[in-house]
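Hello,

Here is the structure for your set. My notes on it follow below.

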Amino acid sequence: MTDHEYMRYALELAKRGVGAVNPNPLVGAVIVKDDEIIGEGWHERFGELHAERNALKNCKKSAKGATLYVTLEPCCHYGKTPPCTEAIIENQIKRVVVGSMDTNPKVAGKGVALLREAGIEVETGVLKEECDALNEVFFHYIETKTPFVVMKYAMTMDGKIATASGKSKWITGETARENVQKDRNRYMAIMVGVGTVLTDNPSLTCRIAGGRNPIRIICDTNLRTPLESILVQTAKEVKTIIATASRDMEMRHTYEEKGVFILDVPKKEGHLDLEFLMKELGNHGIDSVLLEGGGTLNFSALQSKIVNKVQAYIAPKIFGGEAAKTPVEGVGIAEVPEHFHLKNPKIRQYGEDFYIESEVEYSCLPE
Ligand SMILES: NC(=O)c1ccc[n+]([C@@H]2O[C@H](COP(=O)([O-])OP(=O)(O)OC[C@H]3O[C@@H](n4cnc5c(N)ncnc54)[C@H](OP(=O)(O)O)[C@@H]3O)[C@@H](O)[C@H]2O)c1
């Protein structure tokens with residue numbers, strides 16, 4: 001097998017940590033000697049062993065003289081576990097092949113430098129693009145200390161996210177909805193506006209077997225979330241945050257008694273200041289948010305420049321209706337050059353539905 005093939009396998013291993021390692025990176029490692037895989041591992045759970053140490057632990061023979069393939073630069077600092085560079089040197093690995101370089105300031109090239117100083121041959125940038133993409137959340141969070149925000153919506157071919165009477169179950173088919181469930185497991189939190197809670201009364205849980213529920217966040221400036229809503233009623237089982245600017249202490253206390261965590265966010269132009277909210281969520285260790293709001297919150301989120309990626313599921317259905325909601329509403333823009341620009345589109349098909357994913361490029365927007 002070639003370096004690329006071993007790295008691709010390490011990438012597959014890394015993906016097994018999805019939903020369990022946040023806010024740590026997804027990392028996979030493979031140890032190869034005489035063209036035979038003698039050890040493999042991945043970062044399985046936050047706070048537990050890193051991929052390199054797991055691979056070394058699982059080695060069926062001595063790793064002396066072997067090559068280690070690892071999707072992310074090995075760490076060289078003491079965190080929840082000792083540095084991986086130490087273990088690599090101690091085990092007398094001869095060659096290390098790295099996918100992504102770690103942008104965490106505590107590592108940032110120092111891991112590779114340490115290995116080279118110890119006489120280990122190091123090659124970097126193998127399948128770099130794929131390895132970088134795997135950890136887009138980690139890199140964003142470590143660099144900005146704010147969550148990576150993915151705006152997701154499901155719409156009909158005429159661009160409606162609900163019927164004129166507000167019904168949205170279901171726009172897409174089962175396969176597309178299964179993929180959304182995977183993302184609810186992948187991203188640490190899920191966020192909606194109070195408008196979606198009032199119309200849909202959603203549960204916002206992850207319904208895949210063995211999956212992990214995201215932390216649920218409701219943007220609710222004036223505490224309009226119904227006490228009898230599913231989100232409030234299940235707040236003791238699934239962590240639920242209401243972000244609010246309300247100082248109604250009695251009402252806040254009532255939510256808190258039901259298990260809801262109240263997060264203070266100041267107002268900006270009549271609603272919540274989303275930029276402030278993202279900083280607060282980042283301070284609480286939340287590295288990613290799946291934004292499943294309605295058009296009102298979605299427009300504000302784009303305007304506040306907090307959205308990193310847009311996921312549009314497009315169903316072969318037409319709803320029509322002037323009053324039917326669309327994915328992004330608010331006041332919109334007046335001139336075409338003011339548009340929110342999206343780049344690097346990826347298109348997939350889930351059953352009968354299409355899926356387009358793009359990154360948001362704010363640098364194109366005029367100030
Ligand atoms: N098909 C889909 O993918 C999908 C997904 C979600 C929703 N929907 C549909 O969308 C409809 C609901 O739309 P919606 O626009 O009312 O829901 P929304 O965007 O989820 O909620 C809007 C509310 O969020 C609150 N909010 C708090 N901070 C905000 C901020 N900074 N900017 C904007 N709003 C903020 C506002 O009320 P306060 O200021 O009073 O707090 C606002 O009225 C429903 O029919 C639902 O079925 C469809």
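I start with a pair of loop residues. Asn201 is partly exposed, because its relative accessible area is 31% (buried means under 20%, exposed over 50%, partly exposed in between; 1.4 Å probe, protein chains only). Asn201 is found in the loop between helix 8 and strand 8. Helices (H or I, at least four residues) and strands (E, at least two) are DSSP runs, numbered from the N terminus. Asn201 is not a glycine, yet has a positive phi of about 45 degrees. Leu204 sits in the loop between helix 8 and strand 8 as well. Leu204 also has a positive phi, about 55 degrees, and is not a glycine. Leu204 is buried, with a relative accessible area of 5%.

Some ground rules. This is a predicted model, in which local features need pLDDT of at least 70, side-chain atom pairs count only at pLDDT 80 or more, and totals for chains, interfaces and linings use all residues. Residues are numbered from 1 along each chain as its sequence is written, and side-chain values use heavy atoms, with hydrogens and water left out.

Two peptide bonds deserve a look. Most residues other than glycine have a negative phi, and most peptide bonds are trans. The bond from Asn22 to Pro23 is cis, with omega near 0 degrees. Pro23 is in the loop between helix 1 (3-14) and strand 1 (28-33). Lys169 and Trp170 are also joined by a cis peptide bond, with omega about -10 degrees. Trp170 lies in the loop between strand 6 and helix 7 (174-186).

- Leu297: a polar backbone atom at 2.8 Å.
- Gly294: a backbone N or O atom at 2.9 Å.
- Arg224: a side-chain N or O atom at 3.0 Å.

The protein covers 92% of the 910 Å² of accessible area that the ligand has on its own (Shrake-Rupley method, 1.4 Å probe).

Next, the packing. A nonpolar core is a set of buried Ala, Val, Leu, Ile, Met, Phe, Trp, Tyr and Cys residues joined through side-chain atoms within 4.5 Å. The largest has 33 residues; Met191, Leu277, Leu281, Ile286 and Val307 have the most contacts inside it. A second, separate core of 25 residues includes Ile31, Ile38, Ala66 and Leu72.

Last, Ser288. Its place is in strand 13. Ser288 counts as buried because its relative accessibility is 0%. Its side chain makes a polar contact with the side chain of Asp287 at 2.7 Å. A polar contact is a pair of N or O atoms within 3.5 Å; within protein, one must be able to donate a hydrogen and the other to accept it, and residues adjacent in sequence count only if both atoms are side-chain atoms.

Best wishes
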